[in-house]
Amino acid sequence: MAFSFAPLPLSHPEEIHHDLSPFILIHKNGRIERLVGEETTPPSTDQITGVRSKDVQISPETGLSARIYLPGAITSQEHKLPVLIYFHGGGFVFGTAFSTMFQPFHNRLALEAQTIIVSVDYRSAPEHLYPTQYDDSWEAIKWVASHATKNGVEPWLNDYADFERLFFGGESAGANIAHQMGMRIGLGKDMDAFDDRVKLSGIILIDPYFWGETLIGGEVNADVKERNILEKLWRVMNPSFSSLDDPLINPAKDPNLSKLGCRRVLVSVAEKDLLRDRGWYYHDVLGNSAWNGQVDIIEAKGEGHVFHLYPPFRENALTLFKSHR
């Protein structure tokens with residue numbers, strides 16, 4: 001599915017402070033109108049895949065929570081599974097871990113990759129500005145890691161998780177978060193919850209939301225409105241930023257990139273996605289850096305941004321699922 005940036009009809013356009021349609025409208029009076037990602041689905045046992053899901057609270061103080069997915073075929077505590085901590089997309093401003101748009105993808109991915117998925121419900125902008133999205137995600141990672149002792153509060157993690165096969169992943173803005181969490185691991189920041197039983201094995205970045213001051217590749221001739229939306233989304237989440245070459249949005253400019261805290265990265269891009277060239281650029285810069293790891297990339301021909309979320313899953317989506325194994 002490609003981005004669609006046709007403006008919606010507005011009865012009172014003068015009341016709009018930020019028009020980020022088709023995603024979100026921020027009104028001058030402070031009202032926030034999310035146009036997508038609001039429909040939610042409860043946890044369940046999926047009838048097609050047999051994958052079970054449940055919702056858990058991580059922090060009562062902030063409301064931070066997550067949805068956990070467990071493949072239904074697991075029958076013994078001796079059968080340990082890798083853990084994928086997943087950060088959903090939505091430009092930092094829409095969508096939740098409980099959004100209907102993410103549920104079929106996570107059910108199918110948990111089955112195909114035979115992995116436990118912890119989908120983090122980090123708080124969204126503009127109600128919660130930078131660095132909330134990153135800090136919430138880090139708190140969720142520490143919460144998951146605390147189960148390596150087998151004495152955590154969540155039985156599925158205590159009983160079935162292999163913490164030496166821990167992965168971070170996400171699409172779009174969630175891929176941005178996944179990369180930044182990998183950087184925190186590599187830089188050794190706030191690591192009290194981690195010990196030798198927890199190992200970040202890899203990071204999966206799907207259509208990563210990276211940008212920069214200098215346009216590259218297909219961005220140069222892309223629709224100006226599309227480019228502006230991508231810049232505005234970042235401004236809404238992080239209004240204090242000084243440059244689009246900040247390493248948070250342009251990791252190619254990060255002097256510490258070679259310290260990324262894992263040894264494998266998979267980047268997935270879509271041929272018709274405006275963010276395609278950023279994914280390739282990240283792949284090339286990371287691969288040519290002093291980082292001691294392997295970075296691979298796959299490109300889905302004929303597909304648009306986050307196409308993998310929408311069933312029926314086409315062959316390109318199935319290839320992506322299988323690449324997580």
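These legends walk you through several close-up views of one predicted model.

In this predicted model, local features need pLDDT of at least 70 and side-chain atom pairs count only at pLDDT 80 or more, while totals for chains, interfaces and linings use all residues. Residues are numbered from 1 along each chain as its sequence is written, and side-chain values use heavy atoms, with hydrogens and water left out.

**View 1. An open sheet of eight strands.** The strand order is β4-β5-β7-β6-β8-β9-β10-β11, with mixed pairing. Because β4 and β11 (294-300) stand at the edges with a single partner strand each, one side of each is left without a neighbour in the sheet. On average, neighbouring strands are turned by 20 degrees against each other, direction ignored. Here, strands (E, at least two residues) and helices (H or I, at least four) are DSSP runs, numbered from the N terminus, and two strands pair if DSSP finds at least two bridges between them.

**View 2. Strands β4 and β5 side by side.** These two strands pair in the antiparallel sense over seven bridges. Look for V56, which stands opposite A66 in β5.

**View 3. A salt bridge between D55 and R67.** In a salt bridge, a side-chain nitrogen of Lys or Arg lies within 4 Å of a carboxyl oxygen of Asp or Glu. For D55 and R67, the closest N and O atoms are 2.6 Å apart. The pair links distant parts of the chain, with D55 in strand β4 (residues 52-59) and R67 in strand β5 (residues 64-70), twelve residues apart. D55 is partly exposed at 37% relative accessible area, whereas R67 is buried at 1%. Buried means under 20% relative accessible area, exposed over 50%, and partly exposed in between (1.4 Å probe, protein chains only).

View 4. The side chains of R108 and E112 meet at 3.0 Å, N to O. Why are R108 and E112 separated by about one helical turn? Because they are four residues apart in helix α1 (residues 103-113). R108 counts as partly exposed at 25% relative accessibility, and E112 as buried at 15%.

**View 5. A salt bridge between E219 and R278.** Their side chains meet at 2.7 Å, N to O. E219 sits in the loop between β9 (200-206) and α5 (224-237), while R278 belongs to helix α6 (residues 276-287), 59 residues apart. Both E219 and R278 are buried.

**View 6. A network of salt bridges.** R276, D277, E299 and K301 are linked in this network. A search of the whole structure finds 15 salt bridges.

Note on methods:
Axes are lines fitted to C-alpha atoms, for helices over the stretch in contact, and angles run from 0 to 180 degrees between N-to-C directions.
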